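This report walks through selected local features of one protein model. Please look over the sequence and the structure before reading on.

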Amino acid sequence: MAGTESVSAAVNRRRFLLASGATAAAGVAGTSAGTLPPRQRHIPAVEPAARTGAQRPPRSAPRVAPYALTTLETTACLGGNAHTGTYRRLVSGPGWPLVVRKELARPGAGRQDRRTPLACFVQFTDLHLADVQNPLRTEFLRSRGASSWRAQEALTVAGAVALVEQVNALGGGPNTRLRPAFVMTTGDNVDNNSAIELEWFLTVMSGGRITPNTGDPRAYEGAQNSGLPLYWHPGAHLRDLDKRRGLPLIPGFLAAATRPITSPGLRIPWYSTVGNHDDLPGGCLSPALNDFAVGSRKLLSVSAADAAAYAKALGSGDDPKSEVLKAILTRNAASARTVTADERRRLCTPHDYLAAHLDPAHAGAGPVGHGYTQDNLDGERMYYSFKVAENVLGISIDTTYRSGHYEGSLGSDQLRWLERTLAAHSSRSYDADGRLVRNTGADDAHILVFSHHHSPSMTRRPDAARTDEPRHDGAEVIALLSRFPNVVAWINGHSHVNRITPHAHATPARSFWEVNTASHVDYPHHARLIELTDNGDGTVSLFTTLVESAAPHRTARDFDDLSAVGLASLYREVAYNAPGLAESMKHGVQEGWAGGPGDRNAELVVAGGSATA
């Protein structure tokens with residue numbers, strides 16, 4: 001995972017640590033834990049909107065099907081009393097209101113009565129399904145900061161299954177009444193770029209039985225029963241770092257976390273976009289490290305010097321980080337934990353990733369390939385376009401560096417393909433010099449672009465895997481998209497933060513929104529229900545309602561519910577208790593990774609629609 005954009009050196013350093021796959025919810029190596037993303041410096045022009053969806057039930061009414069609600073009705077929030085130490089339980093809190101964002105176009109009065117629904121779908125992002133016993137993981141970075149390891153990671157599969165159940169239970173969208181037509185994942189579907197994690201992801205989405213365990217089928221072999229007090233040992237009485245800050249003792253936790261679980265699979269089609277963790281081990285390392293991934297030595301503790309050397313290599317942003325890690329793993333092999341080698345942990349090539357999506361066994365509710373086709377496989381091209389709805393086009397792009405880097409970019413070939421695709425669905429556009437271009441042969445459509453990386457995380461650097469191709473950063477993608485008035489939004493993930501950014505242009509028709517959604521592995525565990533409407537007045541609206549999983553907000557009082565549902569609830573609650581995060585929220589920090597009110601449930605108004613066609 002990669003962290004959020006920031007001008008501060010501290011947050012940049014945090015970003016490099018998060019990129020290693022070691023980490024999570026806040027904190028910078030070598031600094032005090034608990035750092036939250038910086039508050040937005042710009043307070044968006046927003047206004048509360050009248051609720052157009054189902055009315056919230058009275059607070060006294062029983063919630064018969066809590067998973068069928070969105071965050072318009074209720075949200076998970078920290079309760080008033082700590083369990084022990086700083087650990088706090090979750091309760092169901094009030095929903096978040098719909099906020100109208102009007103930076104790009106003036107919302108017309110009465111549009112609710114004349115709008116035409118165009119599309120409704122769901123975005124998943126940054127599921128990070130993790131084989132926590134994989135020997136290539138770098139949990140040892142926790143010695144440099146409590147936040148450099150996620151205590152909840154063993155429950156990623158249970159959490160993802162609960163999210164699928166939530167989507168299956170959704171009715172019509174609150175603003176269009178359309179049922180979601182599909183789910184789009186915007187990358188980092190897996191955590192370690194391994195074949196077994198990819199199989200888990202495809203099975204979660206398409207349905208089937210999953211055993212979230214590798215190595216010895218009879219025993220867990222990872223950080224959480226290593227005997228090292230650096231990690232939470234939920235099933236042991238060891239006074240570890242996390243129990244000292246309040247995480248509970250839960251006998252049977254690891255056995256429950258690794259037992260088989262069945263996903264119902266999505267009942268609607270789903271599409272896939274690739275992220276850096278899908279393409280690279282740890283999201284930023286070289287595929288040359290495969291032998292360590294499938295091997296039998298798992299390093300859980302290193303010297304301060306080795307931890308500092310690897311953290312420095314991550315901070316440099318250069319590929320030698322893989323060589324530094326290889327040297328550390330080799331040098332410390334004798335002191336590493338012996339685990340059961342497992343070939344299923346092998347790293348996936350782009351060809352492997354595409355072929356697995358195209359396997360009919362994973363077709364689920366369709367389409368076969370989930371956006372990818374045989375043509376993608378033949379050229380190892382991980383980008384495509386597809387029909388979202390009538391007169392609405394989706395474009396999924398591949399923003400990864402295949403040689404080993406957590407940041408993103410586009411190659412020149414893909415950028416030219418993107419320009420051609422945009423032009424084919426735009427009867428008018430603008431050239432690079434700002435001159436209007438007419439294309440009478442174009443098939444006009446509203447355009448939604450999907451990627452893993454958000455614009456601030458896309459940089460221009462050579463890709464050693466594609467040395468002959470120049471790379472292009474986020475600013476260049478924004479410039480290209482702004483040439484096509486039919487572009488409504490660019491929808492992405494990667495940052496693990498809810499943030500919606502207006503990309504305004506002096507020519508209003510050339511403006512569009514960037515919708516960046518938080519992850520489903522860290523607080524606040526969000527997906528988005530996205531709806532598109534034509535307002536009949538020369539504008540369109542994109543609605544971005546946040547969605548939680550089907551798991552109840554409350555966990556069992558004594559932590560003794562180790563069913564699949566109970567584990568999914570615990571997954572969310574432990575994430576809300578990440579080092580420093582609960583304390584920050586306790587003291588009134590309302591934004592952080594959840595974003596401000598205008599980054600959550602929003603109506604995003606932009607020029608366009610049938611009135612100006």
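Where is the place of His 128? His 128 sits in the loop between strand 5 (116–124) and helix 3 (156–169). Helices (H or I, at least four residues) and strands (E, at least two) are DSSP runs, numbered from the N terminus.

## Basis of the values

This is a predicted model, in which local features need pLDDT of at least 70 and side-chain atom pairs count only at pLDDT 80 or more, while totals for chains, interfaces and linings use all residues. Residues are numbered from 1 along each chain as its sequence is written, and side-chain values use heavy atoms, with hydrogens and water left out.

## Backbone features in loops

His 128 is not a glycine, yet its phi is positive, at about 50°. With 1% relative accessibility, His 128 counts as buried. Buried means under 20% relative accessible area, exposed over 50%, and partly exposed in between (1.4 Å probe, protein chains only). Glu 380, also not a glycine, has a positive phi of about 50°. Glu 380 is found in the loop between helix 12 and strand 12 (384–389), and with a relative accessible area of 30% it is partly exposed.

Two cis peptide bonds can be described here. One joins Gly 366 and Pro 367, with omega about -15°; Pro 367 is in the loop between helix 11 (350–358) and helix 12 (374–379). Another runs from Tyr 523 to Pro 524, with omega near 10°. Pro 524 lies in the loop between strand 23 (512–516) and strand 24 (527–534).

Helix 14 covers residues 474–481, and its buried residues are Gly 474, Val 477, Ile 478, Leu 480 and Leu 481. Seen down the helix axis, these buried residues fall within an arc of 160°, so they line one face of helix 14. The arc is that of the directions from the helix axis to the C-beta atoms. At the start of helix 14, a side-chain oxygen of Asp 473 comes to within 3.2 Å of the backbone nitrogen of Ala 475.

Helix 15 (residues 564–576) has 11 of its 13 residues buried, so it is largely enclosed by the rest of the structure. Among them are Gly 566, Leu 567, Arg 572, Glu 573 and Tyr 576. At 1.5 Å a residue, helix 15 should span 18 Å, which agrees with the 19 Å between its end C-alpha atoms. The expected span is 1.5 Å times one less than the number of residues.

## Nonpolar cores

In soluble globular proteins, nonpolar side chains tend to be buried together. A nonpolar core is a set of buried Ala, Val, Leu, Ile, Met, Phe, Trp, Tyr and Cys residues joined through side-chain atoms within 4.5 Å. The largest such core here has 109 residues, of which Phe 124, Val 183, Phe 201 and Phe 253 touch the most other members. Helix 4 (residues 195–206) supplies the largest share of this core, 8 residues. A second, separate core has 21 residues, including Ile 395, Trp 417, Val 449 and Val 487.

Leaving out residues up to four places away in sequence, Phe 124 touches residues including Leu 163, Val 183, Met 205, Leu 266 and Ala 527. Contact means heavy atoms within 4.5 Å.

## Aromatic pairs

The whole structure holds 15 aromatic pairs. Rings of Phe, Tyr and Trp (its six-membered ring) pair if their centres lie within 6.5 Å; planes under 30 degrees apart count as stacked, over 60 as edge-to-face and the rest as tilted. The rings of Phe 201 and Trp 270 have centres 5.5 Å apart and planes at 80°, so this pair is edge-to-face. Phe 201 belongs to helix 4 and Trp 270 to strand 9 (residues 270–273), 69 residues apart. Both Phe 201 and Trp 270 are buried.

Tyr 271 and Phe 386 form a stacked pair, 4.2 Å centre to centre with 25° between the planes. Tyr 271 is in strand 9 and Phe 386 in strand 12, 115 residues apart, and both are buried.

## Around Arg 115

Arg 115 lies in the loop between helix 2 (111–114) and strand 5, and at 12% relative accessibility it counts as buried. Arg 115 and Leu 532 are 417 residues apart in sequence, while their C-alpha atoms are 9.8 Å apart in space.

Technical notes: A polar contact is a pair of N or O atoms within 3.5 Å; within protein, one must be able to donate a hydrogen and the other to accept it, and residues adjacent in sequence count only if both atoms are side-chain atoms.
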